[in-house]
Amino acid sequence: MPDFGAEDLGRLFAERHSEAIAELGRFNLAVFGKTGAGKSTLINAIFGQDVAPTGTGPPITTGLHYYEHPDGILGLFDSQGFETGHSGDAVLEGLARIVTQSKSQPIERQIHAAWYVVRWSDRRFEDAQAAFVRRLASLVPVIFVLSQVPTNAAGEVHQDARMLAQYVESTMLPLSPTNRVILTNALADSFIASGQYGLQDLVDATFETAPEAARRALSAAQLVDKERKRQASAKIIKTASASAFATGVTPIPFSDAAILIPLQIAMIARITAAYGLKVPASRVTALVGSLMLSTGATTAGRWLVGSLLRVVPGGQIPAMAISGTVAASLTRAIGWAWVAVCEQMLLRGEINVDMALVQNIFQSEFRNRFKVDIRRDK
Ligand SMILES: Nc1nc2c(ncn2[C@@H]2O[C@H](COP(=O)(O)OP(=O)(O)OP(=O)(O)O)[C@@H](O)[C@H]2O)c(=O)[nH]1
Ligand SMILES: [Mg+2]
């Protein structure tokens with residue numbers, strides 16, 4: 001049985017990670033609203049700075065600029081400030097062409113949802129805007145967003161914003177989710193002590209609107225809802241530990257422990273993709289290298305065996321072989337330890353997380369999970 005060194009793992013990780021990203025597919029969103037409504041600011045708050053540059057990309061059709069997430073899991077059509085009326089008509093025509101052309105394309109090429117953004121302080125919603133929304137909704141599902149909504153110290157929304165939302169809801173526009181206006185504030189404003197507001201609500205509404213096939217990409221691309229990323233990871237871990245269990249049904253001799261490594265690497269690559277993170281192979285190599293060395297192992301297979309022996313008191317491993325149950329526990333513990341690492345990278349930005357910290361997080365999470373899991377399985 002060949003074993004794996006740190007460099008092999010880095011390479012394997014890079015391969016599996018590209019595949020995992022491709023598996024996620026893509027979520028495509030179009031964003032409309034007057035200039036200064038706060039479209040770009042909302043996009044940045046939900047998908048991060050990398051996605052919607054404040055500058056202008058090449059217009060793909062009248063008034064519509066297309067941006068892509070660096071990993072290709074999110075496509076954004078940002079309409080740059082147009083007023084209703086003539087320029088609004090041109091934008092809709094352009095959009096209609098894109099929608100018609102993409103009808104015959106795979107679902108990941110289609111536009112899955114639109115945000116229509118109105119700044120609350122406009123305090124009005126005109127007939128021409130309503131007409132625009134109706135025509136837009138005949139092309140793609142429309143989520144109605146009130147932006148820049150201030151809240152008071154008690155977290156209550158400004159009553160004029162509530163009234164505007166109620167007014168819009170009373171006009172019975174064909175909205176998604178049905179007849180709901182989402183109130184948001186994308187930037188905290190310390191002058192009026194108004195914090196970010198409604199972003200989770202907007203993410204939820206967008207999920208509800210997106211077709212099933214685009215939801216995994218949306219979960220990976222957005223930065224607001226960490227619980228969805230965790231749930232996606234839980235599924236990945238479940239699948240991987242089931243494979244590990246099957247592999248160990250005929251108990252694996254210690255000398256063959258490395259047989260589990262490829263599926264474990266595939267698992268952590270898929271978790272990384274589900275978090276929307278891009279960790280370069282060289283970083284993975286360095287990380288697993290130092291992780292293994294800190295336990296005195298030089299290959300991944302020996303690291304696995306060493307970890308087993310440390311956690312399970314001597315003599316309790318029957319016939320010195322890894323059973324299905326133990327293989328599954330090991331894999332689960334590695335999966336959750338990697339989730340902890342991803343959560344840390346998400347919090348700090350991948351490049352700002354130092355290696356010693358990541359190693360620490362991985363190791364303590366791994367040990368705790370594995371100990372508890374092994375005891376429970378007995
Ligand atoms: N306090 C606060 N300010 C915001 C918010 N959203 C946007 N702004 C400010 O409003 C201005 C316009 O925001 P943008 O996001 O650039 O507006 P836009 O809709 O993309 O505008 P165009 O690209 O011209 O169509 C910027 O100065 C933002 O900082 C918000 O939620 N709260
Ligand atoms: Mg903009």
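Analyst: In this predicted model, the buried residues of helix α2 are K39, S40, L42, I43, A45, I46 and F47.

User: What makes helix α2 (residues 39-47) mostly covered?

Analyst: Seven of the nine residues of α2 are buried, where buried requires 20 or more other C-beta atoms within 10 Å. The cover over these residues includes the strands β1 (27-33), β4 (74-79), β5 (113-119) and β6 (142-147), together with the helices α6 (199-209) and α7 (212-221). After α2 comes G48, with a positive phi near 95 degrees.

User: Why is A340 called partly exposed?

Analyst: A340 has 17 C-beta neighbours inside 10 Å. A buried residue needs 20 or more and an exposed one has 12 or fewer, with partly exposed in between; A340 therefore counts as partly exposed. The residue lies in helix α12 (residues 324-348), and among residues beyond four places away in sequence it touches I361, F362 and E365. A340 and V358 are 18 residues apart in sequence, with 8.8 Å between their C-alpha atoms.

User: Is R123 buried or exposed, and what makes it so?

Analyst: R123 has 12 C-beta neighbours inside 10 Å. Since 12 or fewer is the criterion for exposed, R123 counts as exposed. R123 sits in the loop between β5 and α4 (127-137). Its phi is positive, about 60 degrees, although R123 is not a glycine.

User: Why does N179 count as partly exposed?

Analyst: N179 has 14 other C-beta atoms within 10 Å.

User: How do you know that the peptide bond from S176 to P177 is cis?

Analyst: The assignment goes with the omega of that bond, which is near -15 degrees. P177 belongs to the loop between α5 (159-170) and β7 (181-183).

User: Which residues meet where α1 and α9 pack?

Analyst: From α1 the residues are L9, L12, F13, R16, H17, A20, I21 and L24; from α9 they are P262, I265, A266, A269, R270, T272 and A273. By class, the residues of this contact are 11 nonpolar, two polar and two charged.

User: What makes α8 roughly antiparallel to α9?

Analyst: The axes of α8 (residues 226-247) and α9 approach within 9 Å and cross at roughly 170 degrees. An angle over 145 degrees counts as roughly antiparallel, so α8 is roughly antiparallel to α9. The contact is formed by K229, A232, S233, I236, I237, A240, S243 and A244 of α8 with L263, Q264, M267, R270, I271 and A274 of α9. Its residues comprise nine nonpolar, three polar and two charged.

User: How is the protein chain divided into domains, and how far apart are their centres?

Analyst: The domain assignment gives domain 1 (24-221) and domain 2 (226-377). Their centres, taken over C-alpha atoms, are separated by 39 Å. Seven residues of domain 1 and eight residues of domain 2 take part in the contact. On the domain 1 side, α7 supplies the largest share, four residues. That side consists of four nonpolar residues, one polar and two charged.

User: What describes the protein chain as a whole?

Analyst: The protein chain has 13 helices and nine strands, and its C-alpha trace spans about 80 × 50 × 35 Å along the principal axes. Of its 378 residues, 43% count as buried. Among contacts between residues at least 6 apart in sequence, 77% join residues at least 24 apart.

How values were computed:
Residues are numbered from 1 along each chain as its sequence is written. Chains are lettered from A and ligands numbered from 1 in the order in which they are written. This is a predicted model: local features need pLDDT of at least 70, side-chain atom pairs count only at pLDDT 80 or more; totals for chains, interfaces and linings use all residues. Two residues are in contact if their C-beta atoms, placed from the backbone, lie within 7 Å. Helices (H or I, at least four residues) and strands (E, at least two) are DSSP runs, numbered from the N terminus. Ala, Val, Leu, Ile, Met, Phe, Trp, Tyr, Cys and Pro count as nonpolar, Asp, Glu, Lys and Arg as charged, and the others, Gly among them, as polar. Domain bounds come from an automatic or database domain assignment. Axes are lines fitted to C-alpha atoms, for helices over the stretch in contact, and angles run from 0 to 180 degrees between N-to-C directions. Angles under 35 degrees count as roughly parallel, over 145 as roughly antiparallel, 65 to 115 as roughly perpendicular and the rest as oblique.
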